[in-house]
Amino acid sequence: MSAKNSTLKTLFTSATGAPAPKSLATAWTSPVTVIRNLDDVSYQINVTTSNSTGTFAVEVSNDYKESSPTDSLVASGTWSALNLSGTPTVAAANDVINITLTSPPFNAVRVSYTPTVPGTGTAQVTILARRAGS
Amino acid sequence: MSQSYIWPAQVAVAPIGGATAANQVLEIADLDAIKASTASIDTKTRTLDVTPATQNITVQDTGSTTTPVANGQNYVTGTPTAGSAATFNFTNYATVKVQVTGTWTGTLISEKTIDGITWLTQGIHQSGTPIIVASFTANFSGGAGVAACTGYRIRATGAMTGTANVKVVESASLNTVYIGNAVTVTDGANTSNKLTIKPASTAPLATDPSVVVAISPNSPTLPVSGSVTVTQATGTNLHTVVDSSALPTGAATSALQTSGNASLTTIAANTPAVGQALMAASTPVVIASNQSAVPVSGTVTSNQGTANATPWNENISQIGGTPVLAGNGLTGAGSLRVTIASDTASNSNAFLIKQGGKASANAPVRNDYTSVSVSTAAYTTLVASLTSAVTELEIFDSSGQTLVLATGAAASEVNQVIVFPGGNGRIPLAIAAGVRVSIKALSATANVGEIDLNFYG
């Protein structure tokens with residue numbers, strides 16, 4: 001299958017494109033990934049902390065819109081959290097969190113974080129979205 | 001750590017009795033808890049007994065400090081002197097078996113610790129004995145309970161010579177089980193009845209609970225002290241049999257009693273009846289050669305024997321305890337008074353009476369009235385003190401006056417005889433030796449003539 005049927009992307013990067021983990025001291029939402037034409041999505045969240053606590057959520061939207069081919073934002077959309085099989089949490093310890101979405105029938109998807117104890121931790125989110133069979 | 005989540009969060013319809021994710025989560029949590037709590041058990045199941053290396057003790061510990069605490073317990077703290085203790089640290093073991101060998105002298109103490117800092121005395125049950133002690137002066141072997149402890153040691157508390165080799169085996173198995181609290185034995189039907197144990201010196205009370213016991217028929221003979229009262233219920237149920245072996249040496253026997261009775265019968269037959277009897281019916285007796293005087297009361301009649309045939313010829317030397325005077329001689333206490341019978345016939349023989357002369361008893365006295373007159377007012381001493389007793393006086397007086405002769409001390413004169421004018425001649429007058437003799441005029445003062453006295457004894 002062609003590589004064009006999958007998207008593998010590190011979501012938090014610096015201006016130069018180098019990975020730049022996001023602080024867990026405040027709430028945030030990750031960059032949006034449009035998955036309209038893709039079948040399976042998985043997030044890998046690498047948590048590095050010894051004192052931060054909080055929760056992650058996967059949010060989806062169908063009215064999020066980007067213009068093609070520039071991918072510039074047209075509509076920020078309305079977002080709601082998916083009901084996962086559990087609540088991914090940060091428990092003041094390093095962790096790797098995997099979230100698998102099987103055939104999400106949504107246009108766009110993102111990860112959100114809500115801190116409980118800010119701490120000094122960071123997290124890096126990597127998404128793989130692919131078409132079935134690729 | 002890692003977390004995995006899926007979407008959609010499928011709720012599988014499990015078959016009846018089938019496993020579910022929720023149950024698996026719970027099971028996983030339980031298994032994790034069991035795993036955590038059985039980690040040490042797992043270790044123990046692999047190694048029940050541990051035998052650390054033998055340690056030697058050669059010196060006395062002078063580095064530890066002993067502090068008395070509650071109820072006679074002592075806390076031992078500090079670092080023991082090097083070579084004075086064999087210390088074994090461990091966790092999760094219940095028993096320590098210890099064996100001390102070697103050639104040594106001194107005192108070794110068994111101790112355990114909960115925190116590795118404070119050590120407590122721990123008694124050792126010596127194997128094969130009922131003895132549980134913590135202090136030893138010779139080699140020993142036994143076991144001690146060390147559950148909940150973190151260490152065990154043997155420590156020398158006295159001066160040491162030689163080397164004590166201490167070998168220890170740490171085990172998870174239990175040693176001797178100790179019952180720490182007093183054991184109470186109660187009546188199963190009434191638990192308020194409890195067995196009372198008292199020292200033998202404490203008298204039992206009527207209120208003390210009693211234990212019903214049965215004396216084994218195999219019990220040895222039980223000695224009984226004090227007084228025992230035996231009651232004969234019937235006339236034939238109590239018999240006493242004493243054989244010869246039970247009698248002490250010299251005890252009375254039936255045979256001896258029979259012999260004794262025979263002797264008593266003979267004595268009775270030969271003993272006369274009480275009272276006076278004829279000689280033939282009397283028991284002969286012999287007066288002891290040293291018989292003390294036997295007082296005789298009443299009238300004693302003594303016969304001369306054949307009348308007049310053998311007159312008493314006993315010589316009588318005393319009458320009334322006074323020697324009898326016999327023969328010629330002066331009269332005295334032993335002289336017998338004789339009364340001439342009133343019908344004594346006259347004696348035609350010449351009866352000679354020798355009249356002895358009177359001896360001079362004192363020096364004669366002459367007083368010249370012209371030199372020493374004698375008045376009627378006072379006595380004049382003639383003799384201050386007679387040298388001998390006088391029985392007769394011879395008096396001549398030429399004063400022509402009547403005087404009185406007196407005896408006695410001055411101012412205590414006692415008149416004896418009146419001296420006639422011219423004198424009295426010889427007159428009987430007894431005067432004792434040492435007496436004063438004096439005269440006093442009665443008619444008028446005698447101042448002429450003289451008075452002369454002769455004294456006769």
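**Close-up 1. B:Arg366 and B:Glu450 make a salt bridge, with 2.6 Å between the closest N and O atoms.** This pair brings together distant parts of chain B: B:Arg366 sits in strand E20 (residues 360–368) and B:Glu450 in strand E27 (residues 450–456), 84 residues apart. The model is a predicted one. B:Arg366 is exposed, at a relative accessible area of 54%. B:Arg366 also forms a salt bridge with B:Asp452, where the closest N and O atoms are 3.9 Å apart. Since B:Asp452 lies in strand E27 and B:Arg366 in strand E20, that pair ties together parts 86 residues apart in sequence.

**Close-up 2. Here's a salt-bridge network in chain B, linking B:Asp61, B:Glu111, B:Arg153 and B:Arg155.** Look for B:Arg155 and B:Glu111, whose closest N and O atoms are 2.8 Å apart. The two come from distant parts of the chain, strand E15 (residues 151–156) for B:Arg155 and strand E9 (residues 108–113) for B:Glu111, 44 residues apart. B:Arg155 is buried at 6% relative accessible area, and B:Glu111 is buried too, at 1%.

**Close-up 3. Strand E11 (residues 95–102) of chain A runs parallel to strand E1 (residues 2–7) of chain B, joined by six bridges.** Within this pairing, A:Leu101 stands opposite B:Trp7.

**Close-up 4. Nine residues of chain B contact 22 residues of chain A.** Together the chains bury about 1200 Å², with carbon and sulfur atoms giving 54% of it. On the chain B side, B:Gln3, B:Tyr5 and B:Trp7 supply 66% of the buried area, more than any other three residues. That side has six nonpolar, three polar and no charged residues.

Key:
Residues numbered from 1 in each chain as written. Chains lettered and ligands numbered in written order. Predicted model: local features only at pLDDT ≥ 70, side-chain atom pairs only at ≥ 80, totals over all residues. Heavy atoms only, no water. Contact = heavy atoms within 4.5 Å. Buried area = accessible area lost by both parts, 1.4 Å probe. Nonpolar A, V, L, I, M, F, W, Y, C, P; charged D, E, K, R; others polar. Pairing = 2+ DSSP bridges. Helix = DSSP H or I, 4+ residues; strand = E, 2+ residues; numbered from the N terminus. Salt bridge = Lys/Arg side-chain N within 4 Å of Asp/Glu carboxyl O. Buried < 20%, exposed > 50% of the residue type's maximum accessible area, 1.4 Å probe, protein only.
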